[in-house]
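Thank you for making time this morning. I would like to walk you through one model, starting with the chain as a whole and then moving to its sheet and its aromatic rings.

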Amino acid sequence: MIKRKMLTLSLSAVAVLSLAACSSSQSTSKKTSSAPSGKLSNVSYNSHKASYYRGGTSYSGKVRSLKLNTSKYTTKTITVNKKKIKVRCYTNLVYVSKPVSTKYQSMNIYVPEKYFHNKKINGYTKSTAPIFMPNNIGGYMAGTAGTLTASAMGGGGGAPSGTKSSSKPTGKAPTTSGKSSSSSASLNANGGASSTSATQAALAKGYVVAAPGARGRDTKQNGKYTGKAPSAIVDLKAAVRYLKFNKSRLAGNTNKIISDGTSAGGAMSALLGSTGNSAGYKPYLKAIGAANTSDNIFASFVFAPITNLDNANTAYEWEFSGVNSISGASMTPGASSSQTTLTSKQKKLSKQLQSAFVSYVNKSGIKDNGQTLKLNSDGTGSFATLIKKQIMNSAQTALDKGTTIKASKYPWLTIKSGKVTNVDLTKYFKSVGRSKTPPAFDALDVSQAENIEFGDSTTNAKHFTKFSQTHNTKSGATTADSSIIKLMNPMDYIGQKSTATTAKHFWIRYGETDSNTSVAVPTLLAQKLKNAGVDVNYHVQWNTGHAGDYDMTNMFKWVDSIAK
């Protein structure tokens, strides 16, 4: 097997800033009008108390105002691509009126100063500029509000489960131009993309940046777990509502909010774009004092999403069944650092999960060019052909940009006269390499990051699939409530116009060497969105691993093409 190193995110294209971070404070005020689709005033808590929706906590403090005090800000001059940009900074803005954690339920907003002097940037004005909304979530852990000068590192250390082990960045990742860079930087401490460079580049393009924090699986308060599912997506929705509530006071177009996230943050961005105004989240939003307005957004950047968790175990084994060696197993919670191959029991589980994925695809009804995607029992079929096309396109795009691809290094790839003509999927999957043991996400001993995400206020970890609960090895382990599992899966909302508002545009990227989830996951996400009539820009990025916010030049060109 060809060993492939996981590439990490390059953040070198944007110049280093010269001054310290801004600071600001919060203010007092009254509400603006609400959008009927997001109304919270008549939401009931059903059979649960309000504390249930707050991670087992109650709120007895003063109800905070959600009005943005536009007089409280600082300014900072940053340098991006040798150009100085003066930025107005509104920071430490708590975006809910009854916070569980002000550390995470806060946001920083950055606005190019030119907008306050009736000037245009990149054709945008103070009222028309898109609002770029990056999150720092990784590994389903909490993330603090993004800053201008340094990565927000969230609430805990460690990389996302299954990330290949490396103390230093490995390989070369794309820069904003899409070409490889001689230097690279790691994902943030939680395994999500560091949003600093994207924030700087967005400001240079004339966008307003709103960078919220959010609770995560590691958030605790007074002995309670206060950030379990669906807390992170609820917090991001509340941040969107804060922006819309303040639309008359805030620079930027709140009808053009664009989310951005990587890994678990990519899952959050996909959810945010797929579940606008869905009723299932409303009791959670009401309990934390979210603004009484809507939470649908305009577009989503989705990088390396660890999503569709109900089916992620099966998708992973469809790709890696038969690949019995393990790379980076020590990074997988619950796995032995010395384990290098699957056990006989794990091989059996892999086959069972692979078969279940075949059934899932065949029942999904997802189409490509009008034809329903299918898989045969051996894993072949029209869906496998679609995956093959994605990998072929990845290589062809790289070739067309001048990348040298030698057949001796990629024996699974056939190139004739500069054209990619075939991919041997079995050899390709072996080349990528397995980094997780089955089940990859819902561990039988509830030890994976995703198990911990699905815990509740008093239980640290739970199963979220029937398969893993059936094969459970942890005494007393239970399964998360089905309603909460649904709240974490964008696939359950796409195309359901009567129950959720889907963003009009999605930019989805997955690294060709990524082994943190199966390439089937973002491909199915992209296809279901396309089937629902959504504008989707999906690409498998050549020679890239589990990373985000790369190829920013084209990324922001795409924003300009949809926002102007």
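Let me first say that contact here means heavy atoms within 4.5 Å. With that in hand, residues 24 or more positions apart account for 78% of the contacts in the protein chain that have a separation of 6 or more. Please keep in mind that this is a predicted model, in which local features need pLDDT of at least 70 and side-chain atom pairs count only at pLDDT 80 or more, while totals for chains, interfaces and linings use all residues. Residues are numbered from 1 along each chain as its sequence is written, and side-chain values use heavy atoms, with hydrogens and water left out.

Buried residues (under 20% relative accessible area, with exposed over 50% and partly exposed in between, using a 1.4 Å probe and protein chains only) make up 60% of the 564 residues in the protein chain. The chain contains 13 helices and 15 strands, taken as DSSP runs, H or I of at least four residues for helices and E of at least two for strands, numbered from the N terminus. As an example of a covered element, helix 3, residues 264–274, has eleven of its eleven residues buried, including M268, L271 and L272.

Now to the sheet, where two strands are said to pair if DSSP finds at least two bridges between them. Nine strands form an open sheet with mixed pairing, in the order 1-2-3-5-4-8-9-14-15. Strand 1 (74–80) and strand 15 (535–541) stand at the edges with a single partner strand each, so one side of each is left without a neighbour in the sheet. The twist averages 20 degrees from one strand to the next, with axes being lines fitted to C-alpha atoms, for helices over the stretch in contact, and angles running from 0 to 180 degrees between N-to-C directions.

Which way do the residues of strand 5 point? V208, A210 and P212 point one way and V209 and A211 the other, and all are buried. Strand 5, residues 208–212, pairs with strand 4, residues 131–134, in the parallel sense over two bridges; I131 has V208 as its bridge partner, and F132 stands opposite V209. With strand 3, residues 106–112, strand 5 runs antiparallel, joined by four bridges, and there Y110 has V209 as its bridge partner.

Helix 13, residues 552–563, lies across strands 4, 8, 9, 14 and 15, running at about 160 degrees to strand 9.

That brings me to the aromatic rings. Rings of Phe, Tyr and Trp (its six-membered ring) pair if their centres lie within 6.5 Å, with planes under 30 degrees apart counted as stacked, over 60 as edge-to-face and the rest as tilted. The count comes to 27 aromatic pairs by this rule. One of them, Y124 with Y207, is edge-to-face, at 5.8 Å centre to centre and 70 degrees between the planes, and it links residues 83 apart in the chain; both Y124 and Y207 are buried. The rings of F301 and W558 have centres 5.7 Å apart and planes at 50 degrees, so that pair is tilted. Because F301 lies in strand 9 and W558 in helix 13, the pair ties together parts that are 257 residues apart in sequence. Both F301 and W558 are buried.
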